[in-house]
Every structure is written in C-alpha cells, then in structure tokens.
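Please read this short report with the sequence and the structure side by side.

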Amino acid sequence: MISLGCANSEFESIYNRNVEMVYRICYMYMKNKDDAEDMVQNTFIKYLKYNPTFENLEHEKAWFIVTSTNNCKNHFKTWWHKNTYLDNEFEVSFKDTKDETLNYVLNLPNKYKQVIYMYYYEGYSTIEIARLLNIKETTIRTQLLKGRQLLKEKIGSLEE
Amino acid sequence: MKEKIYNSLNSIIPSETQKENMFKNILKPKKKNGGYIYKTCMMFSCFIMAFVLFSDKIDVENNNGVMPRTVNYNCEDVEEIDE
C-alpha cells in the first residue's frame, strides 16, 4: 500500500482500490509496460481533474473501467499513432509475457478486448456491459461471440 | 477457456515500485512552460527553413530556362577578333 501524506488519503484509497484494474485494462490496449503506466497516470489525472462523485464502489469501478478504456482508445486516434503503430491484424509476441493465452488476448482487435475483459475477468453480464458502455446488448453479444471465436481458433479446442 | 483467460489477465499486475512511481507522477505538478518554449522554437526554426529554401529561388520561366549569371568574370576588356 502507498501512503504519501494525509491530504491525499481519500485519493490514496481510491488509487489503491483501482490501480491494478486500470493498469490491466491499459496494458491490454497498449501492450507494453511504459505506455500502460502513462495511460494509468492519465486516467487518475482525469479523476483528479473532474473529481466525479460516486454513488457506490460499483459505480467507481465502472467509471474507472470506462475512462481508462476511452483514454487508451483516444491515444490510438492521434495521427502519429495511426501511422506508426502496428495494425491489430498483425500478430506480435510481447516481450513482457510468456503466457500464450495472454498473447492471444492481447492480439485480439481492440473492439473485442473490452468485452472479453469485462465478461471473463470482471464477471459482468452482457446486459450490464451494454448499460455501462451505452451500446446495444446485441452488439455486445456479437462482439463477445466473435472475440470468443477468434480466441478458440488460437487456443484450440478447449472447454467452454 | 474461461479460466485460462481469467488467469492470463490476472497475471497482469503492476509491481509495488511501479505503483509508487505512478502515484508520485500523478501528484507531481506539471511544468507548463516546456510545451510553449518547444513550440516557439519549432515555429522559429520552421520560419528560418522556409526563408532559406524559398528566398533564393530562380525564376526559370523568365529566362527561357537559362540560369541568370550572377558572377562577374571581368570580360569587358576582351577584344573581339574579326576573322
């Protein structure tokens, strides 16, 4: 746990509660440690800037999931990254990880990653994901199905 | 499959030092002059480059494709010889 003075105690607790989750999401999109760290910082700076009030912990968690995802997506919208980053279609193995499944997840197109993460890791239902992301439930189901199919092709015939 | 995905995603964890560094960087005040100075220098160097590149252009069309002579070879005193 991190402690840096009493004035930031509330922020500290929010940071400690969410940093791992935010880092995980940012890493999924950025695919390397350094860029993921930058995105985590940007997400928490956004929190400090807008200072949103949360109804409960679930609301807080959802805000951080959506904000960190949008941050990462915005990062790839810039002209520089559109022209210099590798396309999602190319398969790249990442230095930071030796886990093959993680490599396959990281190699998924960005639009499927978020749904896969929220469904398989955070345990949200498709209805909840649709409500959080403000997208139709049918779209979420389609994205989940396609993402799952892509993973199945890579991982092989595994149990559902 | 569900377990595999969960476990692989669960392996993405920042270290304690990473967490501390990120936390410190979030609370660190940002220097706002850096960007301004950088942009001003870039603008200035672009103006200089543009001036150097475009100020010395030769108007080829007005000289029928022949470059105008800018060097004086002191040929005024050369006598013409009638053959």
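## Two buried phenylalanines

In this predicted model, Phe11(A) and Phe44(A) are both buried. The count of aromatic pairs over all chains comes to 17, and Phe11(A) and Phe44(A) form one that is edge-to-face, with 6.0 Å from centre to centre and 80° between the planes. This pair links distant parts of the chain, since Phe11(A) lies in helix α1 (residues 9–30) of chain A and Phe44(A) in helix α2 (residues 33–50) of chain A, 33 residues apart.

## A tilted pair and a cluster

The ring centres of Tyr23(A) and Tyr27(A) are 6.1 Å apart and their planes stand at 35°, so this pair counts as tilted. Both tyrosines, Tyr23(A) and Tyr27(A), belong to helix α1 of chain A, where they are 4 residues apart, about one turn of the helix, and both of them are buried.

Ring pairs also join residues into a cluster, whose members include Phe11(A), Phe44(A), Trp63(A) and, from the other chain, Phe23(B).

## Where chain A meets chain B

In chain A, 34 residues are in contact with 23 residues of chain B, and the two chains bury about 2,900 Å² between them, 75% of it on carbon and sulfur atoms. Across this interface there is 1 salt bridge, in which the side chains of Glu20(A) and Lys19(B) meet at 2.9 Å, N to O.

The elements that give two or more residues to the side of chain A touching chain B include α1, α2 and α8 (137–155) of chain A, and α1(A) gives the most, with 9 residues.

Notes
Residues are numbered from 1 along each chain as its sequence is written. Chains are lettered from A and ligands numbered from 1 in the order in which they are written. This is a predicted model: local features need pLDDT of at least 70, side-chain atom pairs count only at pLDDT 80 or more; totals for chains, interfaces and linings use all residues. Side-chain values use heavy atoms; hydrogens and water are left out. Rings of Phe, Tyr and Trp (its six-membered ring) pair if their centres lie within 6.5 Å; planes under 30 degrees apart count as stacked, over 60 as edge-to-face and the rest as tilted. Buried means under 20% relative accessible area, exposed over 50%, partly exposed in between (1.4 Å probe, protein chains only). Contact means heavy atoms within 4.5 Å. Buried area is the accessible area (1.4 Å probe) that two parts lose on being put together, summed over both. A salt bridge is a side-chain nitrogen of Lys or Arg within 4 Å of a carboxyl oxygen of Asp or Glu.
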